[in-house]
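Here is a short note for someone opening this model for the first time. Please read the points with the structure in view.

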Amino acid sequence: MTENIPEKNKLNAQDFLSIKNQQELLEKITQKGVSIDKVLKTISYNEELRELQIELVKLQQWISKNQKRVVVIFEGRDAAGKGGNIRRYSEYLNPRSMRTVALTKPTEVERGQWYFRRYIKNLPDPGEIVFFDRSWYNRAVVEPVMGFCNQSQYNKFMLQVPEFEHMLYEDGIVIIKFWFSISKEEQDRRFQARLSNPLKRWKFSPVDEKGQQLWDVYTEYKEKMFSKTHTTYSPWIIVKANNKKASRLESIKYVLSQFDYDGKSESSIDLHPDPNVVMRYYRSNRQID
């Protein structure tokens, strides 16, 4: 790549020895006439993410101080960026009052219990925030699509889940439900990236492969889920996630916007999420997935 850059535009050893900080580096690159648009975008993203993570620390302290119980659910198709988002949320939070829940398939005993029981055991204690990397909504989309539950189990779940969430709401638990929305083309691109990276290949499973094949069936069940479980007390929040960085920043802003925590007014950045990226579900919404 560097072989195609004219000699006058290259940074030499003397340049680097004279540079003392990031600002001087950017000025030197500009003087050399090198395009750094991507670099500037990355710097801007990292700076904004850092400011938002500071606000998340403030929010966590407020939740702990006021003994609030908060659940943030991350749902979406495979490769939508759920895990990556959770990592940015939790990176600087105190692990003593924060948990990430990513349950594996139920055990034989759990399969004989009330479906919600294993999720109830992982709900937040007073003063705690819990991030669900997938949740009880497995039964609304993944399980019926993949044949992991029967029609009776699915129907029972769809009847019970609004009542279940209403009980949590009445008991004071705050639930934020995110659906990270990506296009079929973007999902396929991310799958190919996983397969080509030996450090990420473990993320790709037969279920992922079926996700592309059964795209339209997923869409059908996803829409049924929204129409039956989007409520005033527990709404679905759609996040357009083809742009990973934008989805991270704007979803964090949405969470922050839901609380009047200590020090919020002192924030140095705008905490209002972009309505073109983050929006409540409406039946008239045109989604990218």
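1. Helices (H or I, at least four residues) and strands (E, at least two) are DSSP runs, numbered from the N terminus. Gln53 is found in helix α3, residues 37-65. This is a predicted model: local features need pLDDT of at least 70, side-chain atom pairs count only at pLDDT 80 or more, and totals for chains, interfaces and linings use all residues. Residues are numbered from 1 along each chain as its sequence is written, and side-chain values use heavy atoms, leaving out hydrogens and water.

2. Is Gln53 buried or exposed? Gln53 is buried, at a relative accessible area of 8%. Buried means under 20%, exposed over 50%, and partly exposed in between (1.4 Å probe, protein chains only).

3. Look next at the partners of Gln53. Beyond its neighbours within four places in sequence, Gln53 is in contact (heavy atoms within 4.5 Å) with Arg88, Glu91 and Tyr92. The side chains of Gln53 and Glu91 make a polar contact at 3.0 Å. A polar contact is a pair of N or O atoms within 3.5 Å; within protein, one must be able to donate a hydrogen and the other to accept it, and residues adjacent in sequence count only if both atoms are side-chain atoms. A polar atom of the Gln53 side chain also lies 2.9 Å from the backbone oxygen of Arg88.

4. Now the rings. The whole structure holds 27 aromatic pairs. Rings of Phe, Tyr and Trp (its six-membered ring) pair if their centres lie within 6.5 Å; planes under 30 degrees apart count as stacked, over 60 as edge-to-face and the rest as tilted. Phe226 and Tyr281 have ring centres 4.8 Å apart and planes at 35°, so this pair is tilted. Phe226 lies in helix α11 (residues 215-229) and Tyr281 in the segment after β6 (278-280), so the pair ties together parts 55 residues apart in sequence. Phe226 is buried, with a relative accessible area of 0%. Tyr281 is buried too, at 4%.

5. Two charges deserve a look. Arg77 lies over the face of Trp215, 3.6 Å from the ring centre. The charged end of Lys224 sits over the ring of Tyr221, 4.9 Å from its centre. The test: NZ of Lys or CZ of Arg within 6 Å of the ring centre and within 35 degrees of the ring normal.

6. Last, helix α9. Its buried residues are Glu186, Gln187, Arg190, Phe191 and Arg194. What covers them includes α10 (206-213), α11 and α12 (244-257). The face turned away from the buried side of α9 carries the exposed residues Glu185 and Ser196.
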